[in-house]
Amino acid sequence: MTKRVMIIDDDRGIRSFLQKSLFVKGYEVEVAERGAPGLQKLLSENYDLVFLDLNMPEISGQTICSALRNHEKTRTLPVVMMTAAFHTSPQMDDAMLEYGANAFLLKPFTVTDMFAVVEAQIGAATDTEDTPPNTQAVAGKEVSGKDASLAKAENRILSGILNNADFPEFLHRLYQHKQTGLLHIQKNSAKKVIYIKNGYPIFARSNILGECLGRMLVKDDVITQVDCDQSIEQSKISGRLQGTVLIEMGLLTPQDLHDALKQQVTEKLLNIFAWTEGQFRFVAQDEFKKNVTSIELSPSALVREGIIRYWDKQRVEEYLRPHLTDYLKQAENPAYLFQKMGLSRRGEEVFAECLGDMTLEAILARHPLSKLEVQQVLAALLIAGMVIPRTSASLIDDDARARRKADRPIDSELRKQILEDYRRIMPADFFIALDIDKKADSSTVRRAYYKLAKQYHPDRFLGRGLSNDMENKVNEIFGHITQAYTVLSDPTMRPVYRDELENGPKSKIDVNQVIEAETTFQQGRALLKVRQYREAAAKLKNSIELSPEEPEYLTSYAWAVFKSSPENPGLQNQALEVLLASRELNPGLEETHLYLGHVYQALDRERQSEKSFEMAVQANPSCTEALRELRLINLRRGQSEPSRGGLFSKFINKEK
């Protein structure tokens, strides 16, 4: 059995380092960036070891460790604490006795140090080593940094953790080394398989219902839902692909099908760019199934489009940050042909500027009004290998200078003023933003705000010919100073805000409350299993009073309330409201959708009930109870009315 490790640390770098290193060795790893959710998981699930940072906000590592030692379930759980605060062995020995930790790691520590501690506490990842001799597992960052390993990937399995730019970078490496095989991507219950041939993605499969061909065609108004259901039924009977059946029905031409499949595969691939976590595994192989329709897609174009669609400002800047002082130069032998990326006119202009004599930061400064667009282009060019970062500047000749567009004219005074105020106001605290002293009274706050509001009210700039980027900056400035006024003009909010600026936010987490909430939740769940619904509702009500933002608590409480009297309209509606609130907090929780389906059934709202069961299946394709309910709904409709649940027939058939 694979051993499970929990990592609780507010430092993202440490979390990522530990997660990737442990995953490569075969351990099952989960992470938490805050103490409260990490502690809840440790109390409710089974783990073999926990890494725990000593100094964290809200709940410190020593408090969590003490809580674990006082709880029956986790009394003997091995705890490895991490810190940079200790310097001697006696200090660590004293701390282990005081906090109850099993071992300490002093930051910064090496992979060797870390594995020595892990193996001393819990041994290898599995009780029996059964990894095939021809299998090699490597972390995502290591894959992209070791081209030689990837170039010899035949008969090996390359695996790792998805994080930040890992997917597009790995896609680029597969193209660079002309690999052929299957790239498996997984995030929670969502799974995709990308078919790679000579480095090109040619096909994709997915268990996400919204990405199936029929649903996509219905969404785009190419076919109707009735057409889709009929084609699925005929496909089941004949054993032919749905696309082939749609052609035979006269609903698509072969060219239409080719275009639709290309769009479908493209969407499946692009959606992965939105994933900031997950796992990948590439298995090299020479041949695919015969029913795979080969559609050659340009990896560089996919990278560009994926970044534009799914990378927000923060994610792009995080990727570019290490390269800000690098000089960007066009590759002498670009990994991709220039035309294949499909750059816009501005993208071509940015690419032309990468001659090796300007840093990334300098290039961005030349485009102040379209910064995000230029950042996205540069990220795509770097990942695709079309632009190479260098630590020193290159000398360029007259011909190169001629290819570069002339420097842009200086912005007008208005735009210059907006940019200066934007840089000054947006990162500032509320007092600095309004340019007032921290001891200012309400009248001073009001005068300062009115002065700035008059200057930066968005209506003032109507008809001034500002670009969308500049208009957005004006709106952001106005929103920030309005928020500052709202807080600082309130006599009760102002001192609290000032105190948090000076001393940091107050801790609002009570570790004993977290433990009590989890304990009553587990007691309530146990009562649910033996159908003591009223008693369960009482316990679970206590857990949500202690932790009202925990969706699992809300969902279980709502179900206990509903089951305590399923015919009571008042309790039906109460359960519905709580389940909807839980769905808002965590739309991916299978039980929430399943219970919503049953409550909607009791309220005679069949369409909402069916949709909720469908969402439960989407959250977990193996949710047998939801599959059974969908099959029963179809049976109740009878044969005279076309089934609206046809898209789920492939899941429902599992019940037969």
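1. Asp-604 sits in the loop that links helix 28 to helix 29 (606-619); helices (H or I, at least four residues) and strands (E, at least two) are DSSP runs, numbered from the N terminus. Asp-604 is not a glycine, yet its phi is positive, about 60 degrees. Most residues other than glycine have a negative phi. With 71% relative accessibility, Asp-604 counts as exposed (exposed is over 50% relative accessible area, buried under 20%, partly exposed in between, with a 1.4 Å probe and protein chains only).

2. Before going further, a word on the ground rules: this is a predicted model, where local features need pLDDT of at least 70 and side-chain atom pairs count only at pLDDT 80 or more, while totals for chains, interfaces and linings use all residues. Residues are numbered from 1 along each chain as its sequence is written, and side-chain values use heavy atoms, with hydrogens and water left out.

3. Asp-221 also has a positive phi of about 60 degrees without being a glycine. Its place is the loop between helix 9 (213-219) and helix 10 (225-238). Asp-221 is exposed, at a relative accessible area of 69%.

4. Back to helix 28 (residues 590-602), which packs against helix 30 (residues 624-637) at an angle of about 35 degrees, the axes being 10 Å apart. Here axes are lines fitted to C-alpha atoms, for helices over the stretch in contact, and angles run from 0 to 180 degrees between N-to-C directions. On the helix 28 side, Leu-594, His-598 and Gln-601 meet Glu-625, Ala-626, Glu-629 and Arg-636 of helix 30; contact means heavy atoms within 4.5 Å. Helix 28 passes helix 30 in a left-handed crossing (the near helix is turned anticlockwise from the far one by less than a right angle; clockwise would be right-handed).

5. Which order do the strands of the open sheet take? The 5 strands are arranged 2-1-3-4-5, with parallel pairing; two strands pair if DSSP finds at least two bridges between them. Strand 2 (28-32) and strand 5 (103-106) are at the edges with a single partner strand each, so one side of each has no neighbour in the sheet. On average, neighbouring strands of this sheet are turned by 20 degrees against each other, direction ignored.

6. Inside that sheet, strand 1 (residues 4-8) and strand 3 (residues 49-53) run parallel and are joined by 4 bridges. Met-6 has Val-50 as its bridge partner in strand 3. Helix 2 (residues 35-44) packs on the sheet and touches strand 1, strand 2 and strand 3, its direction making about 160 degrees with that of strand 1. Helix 3 (residues 61-69) lies across strand 3 and strand 4 (79-83), at about 170 degrees to strand 4.

7. Is helix 8 (residues 166-176) mostly buried or exposed? Of its 11 residues, 10 are buried, so helix 8 is largely enclosed by the rest of the structure. Among the buried ones are Phe-167, Phe-170, Leu-171 and Leu-174, but also Asp-166, Glu-169 and Arg-173. Lys-178, which follows helix 8, has a positive phi near 50 degrees.

8. Please look at Arg-366 too, in the loop between helix 16 (360-365) and helix 17 (371-383). Arg-366 counts as buried, at 16% relative accessibility.

9. For the overall picture, the protein chain has 31 helices and 13 strands. Of its 656 residues, 48% count as buried.
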